[in-house]
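Biologist: Can you walk me through this one? I'd like to go chain by chain, then look at the contacts.

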Amino acid sequence: MVGLLFIGLGRIITARVQRRIGPPFYQQFIDVIKLLARESIWHHWIMTLGSIMALGGLIATMVHVPVAGWLPYDSGGPIFLILYLATIGYLGMAMGVSASGNPNAPLGIGRALSLMLGYEIPFAAILILFISLTGSSSLTEIAAMQTGGFLSWNIVKFPLAFIAAEITVQAMMAEKPFDQMIAPSEIASGPLVELGGKFLGLGMIQMAVAIYFETAIMVNLFFGGGANIFTFTLKQFGVYTIAILINSVMPRYKIENAVRYIWTVPLALIIIQMLIVFLR
Amino acid sequence: MLNEIEQNRKERQSAWEYVINYFRKRSIWLLHYCTGCGAVELPPVMTSRWDLERFGVGPMATPRQADVFLVTGYASIKTLKRMIRTYEQMPKPRWVIGFGACTINGGIYYKSYNVINKLDRYIPVDIFISGCMPRPEAILAALEELRNMIQRGEAKGYDRYVKNYDWYKKNQKEILEREGSLFGEADDENK
Amino acid sequence: MKTSDILNKTKELFPYISTELFEEQQGRIKVDNERFLNVLAYLRNSSFVHLANIFAVDWIEEKEFELNYNLWSYDHNSSIIVKVGIPREKPEVTTVLDLWEHGQVYEQEIHEFFGIEFAGNPDLSPLFLHNWKEIPPMRKDFDTEEYSKRAFDVGEREGAK
């Protein structure tokens, strides 16, 4: 729900950047309800299975992401499990849309997976930095490390790592300049090309969930979690706003250039950050 | 008076459809497919001057995702073939807007050997916009009217297509798969 | 070299052509359809490497088609149009594919819209028209208005059903 609200607000922000008024903030809810009530054309039962698997994978991921220090059960927010589960969502989507038989869909999935190959390396490097500092792979503990005011947040302590992480998250959310996966004018919105009706509605919910947990990871890593759910959501929205602002003014990379860029610039930033931290 | 309107509404659609139609009319997605020169009017409508996204209207890349098929301008025979395929790929409910004079009667392409004249003989059109070119205000007005029609349950072009499928297919075949010349022997002798 | 010089030189070599300097940079050569390939081959080898277009005109009263070969020379910055008349009864010329390979599409198009045969062109399949059963549509004796009326302006509209 919060994710959908975020997308709706994000559309307004994009519109304002382009000097438009933009849709109402509840537009995403209208779209999703309309899509769920629509005729759905499906080609194979794998499509349904893939959609549900993708949504299930993302929800399973979200269960492990601590929201303002709160978790459904005491798992401590294991970061490697989160990364592992996040891929299941993508694989489910890959399975579902490949069954649709449209050549654009595997093309989009191929781009998504190669981009994933790109952004997981710098992201893992960031995690190594934090894990070596805190001695724990738990998101809750990383967030708890940063309690005690603005100055103890990781964004202030490790600004270079934050810039690198911001670029990585931009790729994770498939916002420009890393939206090769959906590229409407090139490959006709890629994985979503054959999805109509319910499948597209589920796809939008997936997108919302993905945005929610990706921003949540960012808030936990760099903004010190949150005292309660409201400040946490506010911080999440801040992260999303940065992403949307970059998105609304950027063109799109070619896929090979994107991967090359992610492998060089953010990785270099993190290594510099690591050298600063460890040599000091 | 009010009771009559209520009565008419109930004859056309159930309460559930009425609620769903509210969401449908607030989220109309256009198919990003442009047949003719009319497409040049769409960028100003989409961008900051007229800002179509205010009404939840946006462009979509594939027919599976789109609600409205906007036939922008003249449709040549080869385009017609693609248009029919595209239209049949769209999930219901789907609507067609005939855009510009060319879709109504051929417009300035009336005498052309390669451009169809009456679009509504081949696919069901819910609403026409006149003009060559229609102003962006006309497009906004047409979309507003389409929204009202959806809310009233009158925009049922997709039902007509199913009901009169034979008629539409016959007309389409007349154009696309005609056998033999249209000019008979008698015409050749006159020349 | 100026365009007028090129025209004069060509006229010396091929006395049977008629030349005309249209503008400072544009000349026209008129030649019959038996010997036009000589002229084209000569021009092709004297720096007119670019065949910009081939277009046809239907002179129905003179009973001939006129093919126009639009040539351009990058060395002399000049353009020459070679006009070739073909009788309407037997519209057939030799292809220029041996001189300019990219003439393929132009010849295909002219064959489709005027019905002119290009002897030696291997592929004259239709490019643009869909399921065409009439005489080629760009000929002057083809009545497009009447065709449009018979093909498209028939029958009832959707509302009348």
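Modeller: One term before the strands: two strands pair if DSSP finds at least two bridges between them. Also, this is a predicted model.

Biologist: Fine. Which residue stands opposite C:Asn53 in S4(C)?

Modeller: C:Asn70 does. The strands there are S3 (residues 50-59) and S4 (residues 64-73) of chain C, antiparallel over 9 bridges.

Biologist: And what is the bridge partner of C:Asn70 in S5(C)?

Modeller: C:Ile81. S4(C) and strand S5 (residues 78-87) of chain C run antiparallel, joined by 10 bridges.

Biologist: Which residues take a positive phi in those two hairpins?

Modeller: In the hairpin of S3(C) and S4(C), C:Lys63 does, with phi near 60 degrees. In the hairpin of S4(C) and S5(C), C:Asn77 does, near 50 degrees. There are 4 residues between the strands in the S3(C)-S4(C) hairpin, and 4 in the S4(C)-S5(C) hairpin.

Biologist: What's the strand order in the sheet?

Modeller: S1-S2-S5-S4-S3 in chain C. It is an open sheet of 5 strands, and the pairing is mixed. Strand S1 (18-23) and S3 of chain C are the edges, each pairing on one side only. On average, neighbouring strands are turned by 20 degrees against each other, ignoring direction.

Biologist: Which strands does helix H1 of chain C lie across?

Modeller: H1 (residues 3-13) of chain C lies across S1, S2 (26-31) and S5 of that chain. Its angle to S1(C) is about 175 degrees. Helix H2 (residues 36-45) of chain C lies across S2, S4 and S5, at about 165 degrees to S5(C).

Biologist: Switching to chain A. How many helices and strands?

Modeller: 12 helices and 0 strands. Of its 280 residues, 50% count as buried.

Biologist: How many of its contacts join residues at least 24 apart?

Modeller: 78%, among the contacts in chain A between residues at least 6 apart in sequence.

Biologist: Pick a helix. How long is H8(A)?

Modeller: H8(A) has 14 residues and reaches 20 Å from first C-alpha to last. That is close to the 20 Å expected at 1.5 Å a residue. After the helix comes A:Ala174, with a positive phi near 55 degrees.

Biologist: Why call H8(A) largely enclosed?

Modeller: Because 10 of its 14 residues are buried, the rest of the structure largely encloses it. The buried ones include A:Phe162, A:Ala165, A:Val169 and A:Met172.

Biologist: At what angle does H8(A) pack on H10(A)?

Modeller: About 170 degrees, with the axes of H8 (residues 159-172) and H10 (residues 198-222) of chain A 11 Å apart. Angles over 145 degrees count as roughly antiparallel, so H8(A) is roughly antiparallel to H10(A).

Biologist: Which residues make that contact?

Modeller: From H8(A), A:Phe162, A:Ala165, A:Val169 and A:Met172. From H10(A), A:Glu214, A:Met218, A:Leu221 and A:Phe222. By class, the contact of H8(A) with H10(A) has 7 nonpolar, no polar and 1 charged.

Biologist: Now A:Ser100. Where is its place?

Modeller: In the loop between helix H4 (79-98) and helix H5 (104-134) of chain A.

Biologist: Buried or exposed?

Modeller: Buried, because A:Ser100 has 23 C-beta neighbours inside 10 Å, and the cut-off is 20 or more.

Biologist: What is A:Ser100 in contact with, leaving aside neighbours within four places in sequence?

Modeller: A:His43, A:Met47, A:Ala105 and A:Glu194. A:Leu192 is 92 residues from A:Ser100 along the chain, and their C-alpha atoms are separated by 9.8 Å.

Biologist: On to the interfaces. How many residues does chain A give to the contact with chain B?

Modeller: 27 from chain A, with 16 from chain B. Helix H2 (residues 27-36) of chain A gives the most to the chain A side, 5 residues. That side has 13 nonpolar, 7 polar and 7 charged residues.

Biologist: And how many residues from chain B and chain C?

Modeller: 25 from chain B and 18 from chain C. On the chain B side, helix H4 (77-89) and helix H8 (165-176) are the elements that give two or more residues. By class, the side of chain B that touches chain C has 9 nonpolar, 7 polar and 9 charged residues.

Terms used
Residues numbered from 1 in each chain as written. Chains lettered and ligands numbered in written order. Predicted model: local features only at pLDDT ≥ 70, side-chain atom pairs only at ≥ 80, totals over all residues. Contact = placed C-beta atoms within 7 Å. Nonpolar A, V, L, I, M, F, W, Y, C, P; charged D, E, K, R; others polar. Buried ≥ 20, exposed ≤ 12 C-beta atoms within 10 Å, placed from the backbone. Axes fitted to C-alpha atoms, helices over the stretch in contact; angles between N-to-C directions. Parallel < 35°, antiparallel > 145°, perpendicular 65-115°, else oblique. Expected span 1.5 Å × (residues − 1).
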